[in-house]
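Hi everyone, thanks for coming. Today I'd like to walk you through one protein, taking it a piece at a time. Have a look at the sequence and the model first.

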Amino acid sequence: MTSIHKYLQSTKLFAAIFVAALVFPLYQFIRSGDFLTHDRAVHAFRTSEYYSALVAGHIPPRLAPYFLGGSGYPLFLMNYQFPYLVGSAFLATGLSAQTTVRVLTVFS
């Protein structure tokens, strides 16, 4: 065998091991039902609040409009906004907040 064939075989083996190592952790997100985390519900709520603020015309969103019984709360002053901005794009397509957090977790 030439060195190219050996390289291609080792690359295929590495790719197979890499894919197999990723399948098990990602299975927790692909299967139906909830996955175990301590703050999934919090991020789902924040993502939906961020989307609500964008729809209301707040650019950049600083206030969570429906937090604290509709009084509002300056939630996004100290949080990173990029994940919630990307999540808002998924919410705009019609996905639920829980599914949006799941998709963001898998992609991150």
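Let me start with a question: is Gly72 buried or exposed? Gly72 is buried, because its relative accessible area is 13%. Here, buried means under 20% relative accessible area, exposed means over 50%, and partly exposed is in between, using a 1.4 Å probe and protein chains only.

Before we go on, a word on what we are looking at. This is a predicted model, in which local features need pLDDT of at least 70 and side-chain atom pairs count only at pLDDT 80 or more, while totals for chains, interfaces and linings use all residues. Residues are numbered from 1 along each chain as its sequence is written, and side-chain values use heavy atoms, with hydrogens and water left out.

How confident is the predictor? pLDDT is its confidence in each residue, from 0 to 100. The protein averages 81, and 81% of the residues score at least 70. Confidence is lowest in helix H1, residues 3-30, with a mean of 71, and highest in H3, with 92.

Now the overall layout. The protein has four helices and zero strands, so that helices and strands are clear: they are DSSP runs, H or I of at least four residues for helices and E of at least two for strands, numbered from the N terminus. Of the 108 residues in the protein, 23% are buried. A contact means heavy atoms within 4.5 Å. Among contacts between residues at least 6 apart in sequence, 47% join residues at least 24 apart.

Let's zoom in on helix H2, residues 40-55. The buried residues in H2 are Arg40, Ala44, Thr47, Glu49, Tyr50 and Ala53. They pack against helix H3 (82-92) and helix H4 (97-107).

On the H3 side, take a look at Ser88, which lies in that helix. Ser88 is buried, because its relative accessible area is 4%. Leaving aside residues up to four places away in sequence, Ser88 touches Thr47, Tyr50, Tyr51 and Leu54. Its side chain also reaches the backbone oxygen of Tyr84 at 2.8 Å.

Next comes the stretch after H2. Just after that helix, Gly57 takes a positive phi of about 95°. Then there is a cis peptide bond joining Ile59 and Pro60, with omega about -10°; Pro60 lies in the loop between H2 and H3. Leu68 sits in the loop between H2 and H3, and has a positive phi of about 60° although it is not a glycine. Leu68 counts as exposed because its relative accessibility is 53%.

That brings us back to Gly72, which is in the loop between H2 and H3. Not counting residues up to four places away in sequence, Gly72 touches Leu63, Ala64, Pro65 and Phe67. The C-alpha atoms of Gly72 and Arg62 are 10 residues apart along the chain and separated by 9.9 Å.

One last stop: how much space lies in the largest pocket? About 360 Å³. Lining it are 18 residues, and the closest to its centre are His43, Pro83, Leu104, Thr105 and Ser108. H2, H3 and H4 are the elements that give two or more residues to that lining. As for the term, on a 1 Å grid over the protein atoms alone, a pocket is an open set of points where a 1.4 Å probe fits, with protein on both sides within 12 Å along at least five of seven lines, and lining residues have an atom within 4 Å of a point. Grid points are joined across faces, edges and corners, and the volume is the space filled by probe spheres set on the points.

Note on methods
A polar contact is a pair of N or O atoms within 3.5 Å; within protein, one must be able to donate a hydrogen and the other to accept it, and residues adjacent in sequence count only if both atoms are side-chain atoms. pLDDT is the predictor's confidence in each residue, from 0 to 100.
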